[in-house]
Amino acid sequence: MHSSALGSEPVISAQALSKRYDVYRQPPGLLGALRGLVSRELTAVHAVTDLDLTVEHGEIIGLLGPNGAGKTTIVKMMSGLLVPTDGRLRVCGCRPATRSYPFLSQISVIFGQKAMLWWDVSTRESLKIHRSMYEIPSRRFATAVAELGELLGITEILDTPVRHLSLGQRMRCELALALLHRPTLLFADEPTIGLDVQAKVVVRHLFREINQAFGTTIVLTSHDMSDVEALAERVVIVTGGRATFDGELAELRTRAALPKHAALTYRDGRVERVRLGDEGFGDVVRAAARSDGLVDVRVVEPGLDEVMAHVFGEGVVKP
Amino acid sequence: MLAHYRWWLVAMQASVVVVPLISLLAWRGAMAHGAEPPVTRDYLTTYLVLVSLVTMLTSSWTARFLAESIRLGHLNAWLVRPCSTHLAAVANNVAEKIAKLVTLLPVVVLLAVVFHRDVELPESPGRWLLFGWTLAMGGTMTFGFDVVVGSLAFWWDEVAAVDRFRQLAALFFSGALIPLAVMPHAWGPFLQVQPWGYAVAFPIRTLLEPDAATLRTGLAVQTAWVLLTLVAARLVWVRGLRRYSGVGA
């Protein structure tokens, strides 16, 4: 196994990072298909433009954005899958595009929608293949498998062929495979997709635990805002291939400037939501108290889903 | 289910032997009626008994799967691991050869027993070692071709037509269907330099022809083709990766 040779260098350092795809466009219909045989129109799609990003050792960041915003392209460049068109990118002290052994042995990627486990064999066999790939010493391998098995609740299913596992079980086994070599940097793309509520909590707890215990840096892309809220203190919003926000969640809420609401509960079970805008909280409560049946008043913060929907829609918030 | 696969494997291997067997019977029938091919009856019989085994051992079936994994983005799972994608394909090919050998070898031995009067095999271990070496080189060359064809999927959505064309050319010019020794004499110079013959016909010839000069030339040309295909595979792969878009996650 290769140990991290980062020193004081950030885990991720991207400057003016850009990625352009050259895509052939075919005119629609049969005539278009025939025309496409002799001449095709080449179009440049700018998936990521001038991205500057620094992630320090041990951080958990949420990379968020609407579909097609460019966040997956960013993760693919950082994990060495794609070669950037322009800019400078260093991850774990290496240039990812070279896909060198020291680089690949320091990272791990969880694709929520794509299996890393071998379908026809048991998880234990997949883990053994990874032991060879990452050159994990036998004793450490046995300890890691036992720990991960217990932590993820998969000890009983380690010898079951992967094709016989449920989606939730498979995701937990995928996590074990991703964490076996104790990566410096973990890319988690929709890591809780398909998991039940209990399993989601377990996964989030595990991420937090490996982050604290081993200082693993985690880059999380998820559409599940509960994941983001539970794990990421820092979020980077990507819209139209550009980072439009980079900061703390609390700051994002402030910048989105969505109004809070007062939830007024009456004795008959009725709940009224009153927007707290220009009208002061005291005025709202005084007005509500005039009615006999008021039993509870709560201030409701806008949910992260609402904040994100607003942010993605407006494309605001450049700090 | 497992029994189904086992029978499928046996049936498939039996069918591999059928084509050279028909060819063998046709040639023997023709020679019995006075046909005079440019090689002896022993040469033809030994060649056609061995050809199915050699064809299987030097074959490769990576191109289609490699192209599919590029097109559908399944390559992602390999590219983020510190391990060569092609190492997995090599392991799969070798495992497949071992599994098929278990079923194919008895069939070939049976054929050799049936035609034992006309089967002439060398006794020298050195010749068998040379045969093993040329088999390994032939298999490596076919694998290199496979990676080149499969990697074209970095540029084209569909490489099945190219792959099919390559397979047809290999079938005809490797000697798997018709021994190269009985092809028209005028084709000689072309047959000696084209690559596919070095995957099937040449390894068999190391057992059949004691002519040292022919063997030396053959070994040199085979080595050149192996190096060429490996370099081409490396170049196409590296250039292709730069274009890879890792579609879908």
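Predicted model: local features only at pLDDT ≥ 70, side-chain atom pairs only at ≥ 80, totals over all residues.
**View 1. Helix H4(A) passes helix H5(A) in a right-handed crossing.** Residues are numbered from 1 along each chain as its sequence is written, while chains are lettered from A and ligands numbered from 1 in the order in which they are written. H4(A) and H5(A), the latter spanning residues 138–152, pack at an angle of about 145 degrees with their axes 11 Å apart (axes are lines fitted to C-alpha atoms over the stretch in contact, and angles run from 0 to 180 degrees between N-to-C directions). From H4(A) come Arg124(A), Leu127(A), Lys128(A) and Arg131(A), and they meet Ser138(A), Phe141(A) and Val145(A) of H5(A). Contact means heavy atoms within 4.5 Å. Helices are DSSP runs of H or I with at least four residues, strands are runs of E with at least two, and both are numbered from the N terminus.

**View 2. Here chain A meets chain B, with 24 residues of chain A in contact with 19 of chain B.** About 1,800 Å² is buried between the two chains, and carbon and sulfur atoms give 64% of that. Buried area is the accessible area (1.4 Å probe) that two parts lose on being put together, summed over both. Look for Leu81(A), Arg99(A) and Lys114(A): together they supply 32% of the area that chain A buries against chain B, more than any other three residues.

**View 3. Arg90(A) and Glu9(A) form a salt bridge.** Their closest N and O atoms are 2.9 Å apart. The pair links distant parts of the chain, 81 residues apart: Arg90(A) is in strand S4 (residues 86–91), and Glu9(A) is in the segment before strand S1 (12–25). Over all chains, the structure holds 17 salt bridges.

**View 4. Val295(A) sits in strand S12 (residues 294–300) of chain A.** Set aside its neighbours within four places in sequence, and Val295(A) is in contact with Thr265(A), Tyr266(A) and Arg267(A). Val295(A) and Thr265(A) are 30 residues apart in sequence but 5.8 Å apart in space, C-alpha to C-alpha.

Conventions: Heavy atoms only, no water. Left-handed = near helix turned anticlockwise from the far one by under 90°. Salt bridge = Lys/Arg side-chain N within 4 Å of Asp/Glu carboxyl O.
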